[in-house]
Amino acid sequence: MKRLSTTKEIDEMLAECERAAAISDNALRDVFNSYHLAPPTDLPSDPFSVEYLRYQMDFYQRISGKAYDRQNEVTKFDVAGAVRFPYPYQTNSHLRAGEHYQAMGFLLRSLSLGHPSRILEFGPGWGNTTLALARLGHKVTAVDIEVSFCELIKRRAALYDLDIEVINDDFYLSERLNRQFDAVLFFECFHHCADHNRLLTALDRVVAPGGAIYFGSEPISSDFPMPWGLRLDGESMWAVRRMGWMELGFRDDYFREALTRKGWLGERFASRDMAWNCVWKATRRKEFKFEFRATDPRLKTAVGIKRNDGVAFNPQESGLCLFGPYIHLPAGNYAATLVFAPGLAGEALMDVAVDSGQRQIARQKLTSASLKDDSATLTFFLADESEMVEVRLFSEQGFQGVLKELKIQLVPSPD
């Protein structure tokens with residue numbers, strides 16, 4: 001991996017990129033993956049400060065050679081040709097096409113939406129996610145800064161007689177739009193927003209009660225070398241220096257805190273197929289809850305049997321009926337609820353633990369007589385942000401029934 005430190009070295013890399021692009025898209029990606037820029041060492045200490053934002057904008061200007069402007073994001077291309085061959089087909093790369101549709105598919109799988117839902121999609125670009133959502137029956141409003149992308153989506157929608165609202169504007173339309181949506185979606189585009197905290201503030205007014213924000217395939221990772229800022233990989237340097245695009249990355253602890261400060265709680269879904277791919281779902285703190293079907297792969301059982309209707313317990317065995325889902329929760333007061341099918345019998349112990357089961361923070365005995373509406377609820381308090389939170393159920397011999405669901409939600413603090 002070659003380490004760059006000057007704009008001259010970046011320009012030399014760009015020349016190599018041009019030569020590789022003439023060969024193939026895969027060759028170009030090989031060059032991208034062989035370079036990175038040295039990270040800055042004089043960052044302001046507070047990533048939420050005005051000084052930090054100014055530093056990153058200055059850093060962008062040093063790399064790109066010009067001040068950032070929203071018009072830097074404009075991309076010209078052949079609209080007519082792209083109607084038949086939109087990205088990723090024109091790359092002629094099986095790898096890039098496969099990764100794109102894997103990422104898009106994982107996003108679609110992660111959406112918790114009613115049918116139909118009102119969706120506000122920012123930065124749809126070629127319109128692949130836009131058309132997929134519309135063809136699934138949702139009412140989609142697509143907002144893109146590039147007029148050519150807007151025209152492309154209109155033409156592609158017309159091919160399938162899809163009713164898609166297309167608006168030529170930027171992210172900050174959210175400050176002026178007087179409508180609410182069941183979901184706001186960013187797929188590979190949130191990182192182009194120069195002032196992401198301003199955008200997170202504005203999103204509250206366009207997300208309907210009970211709605212959510214989804215961030216798909218955004219560069220949010222635990223190993224990003226700073227809280228947030230310009231990405232330093234070869235492809236990002238090419239995009240900033242040659243195209244003028246804003247290319248930000250975020251460390252996941254910073255991104256979670258940024259959501260929290262704006263009243264949102266973030267839940268991360270990681271793809272098992274591609275390590276870099278994830279989807280973040282943000283819901284309002286006051287509406288926050290997790291709901292897991294008992295058959296969810298994040299819930300495990302040692303002595304139960306997973307069936308289509310839930311997890312069944314064998315009265316002949318005792319042991320660990322349930323453990324998981326190993327989630328990240330901010331500080332607060334919570335309630336964990338186990339929902340059973342009617343007919344539970346026997347005794348078990350329900351508890352909540354953190355740190356991969358090393359520390360128990362709440363427990364209660366569970367019997368059929370203690371259930372309310374076939375549910376058992378255990379409240380617990382997290383004094384600090386906690387990793388690997390799990391709910392466990394330990395059965396005695398003779399315990400039998402079927403677990404249907406686990407719910408975890410914030411509750412008001414006791415007086």
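Where does Pro 116 lie? Pro 116 is found in the loop between H5 and strand S3 (118-122); helices (H or I, at least four residues) and strands (E, at least two) are DSSP runs, numbered from the N terminus. The model is predicted: local features need pLDDT of at least 70, side-chain atom pairs count only at pLDDT 80 or more, and totals for chains, interfaces and linings use all residues. Residues are numbered from 1 along each chain as its sequence is written, and side-chain values use heavy atoms, with hydrogens and water left out.

**Stop 1: two proline bonds**

Most residues other than glycine have a negative phi, and most peptide bonds are trans. Select His 115 with Pro 116: the peptide bond that joins them is cis, with omega about -5°. Next select Tyr 87 and Pro 88, where the bond is also cis and omega is near 15°. Pro 88 belongs to the loop between H4 and H5.

**Stop 2: a pair of helices**

Select helix H1 (residues 7-21) and helix H9 (residues 234-243). Their axes come within 10 Å and cross at roughly 100°; axes are lines fitted to C-alpha atoms, for helices over the stretch in contact, and angles run from 0 to 180 degrees between N-to-C directions. H1 and H9 are therefore roughly perpendicular to each other, a term for angles of 65 to 115 degrees, while those under 35 count as roughly parallel, those over 145 as roughly antiparallel and the rest as oblique. Display the side chains in contact (heavy atoms within 4.5 Å): H1 contributes residues including Ile 10, Met 13 and Leu 14, and H9 contributes residues including Met 237 and Trp 238. By class, this contact has six nonpolar, two polar and four charged residues. Here Ala, Val, Leu, Ile, Met, Phe, Trp, Tyr, Cys and Pro count as nonpolar, Asp, Glu, Lys and Arg as charged, and the others, Gly among them, as polar.

**Stop 3: a buried glutamate**

Select Glu 73, in the loop between helix H3 (50-64) and helix H4 (79-84). Is Glu 73 buried or exposed? At 12% relative accessibility, Glu 73 counts as buried; buried means under 20% relative accessible area, exposed over 50%, and partly exposed in between (1.4 Å probe, protein chains only). Not counting residues up to four places away in sequence, Glu 73 touches Tyr 68, Ile 145, His 192, Trp 245 and Met 246.

**Stop 4: helix H10**

Move to helix H10 (residues 252-261), where Tyr 254, Phe 255, Arg 256, Ala 258 and Leu 259 are buried. Gly 263, which follows H10, has a positive phi near 90°. The C-alpha atoms of Ala 258 and Glu 73 are separated by 24 Å, although these residues stand 185 residues apart along the chain.

**Stop 5: the second largest pocket**

Select Glu 267, Phe 269, Phe 292, Asp 296 and Arg 298, which lie nearest the centre of the second largest pocket among its 40 lining residues. On a 1 Å grid over the protein atoms alone, a pocket is an open set of points with protein on both sides within 12 Å along at least five of seven lines, and lining residues have an atom within 4 Å of a point. The lining has 14 nonpolar, 10 polar and 16 charged residues.

**Stop 6**

Finish with Tyr 326, in strand S17, and Met 388, in strand S22. Tyr 326 has a positive phi of about 60° although it is not a glycine, and Met 388, not a glycine either, has a positive phi of about 55°. Tyr 326 counts as partly exposed at 29% relative accessibility, and Met 388 is partly exposed at 33%.

How values were computed:
On a 1 Å grid over the protein atoms alone, a cavity is a set of points where a 1.4 Å probe fits but cannot get out, and a pocket is an open set with protein on both sides within 12 Å along at least five of seven lines; lining residues have an atom within 4 Å of a point.
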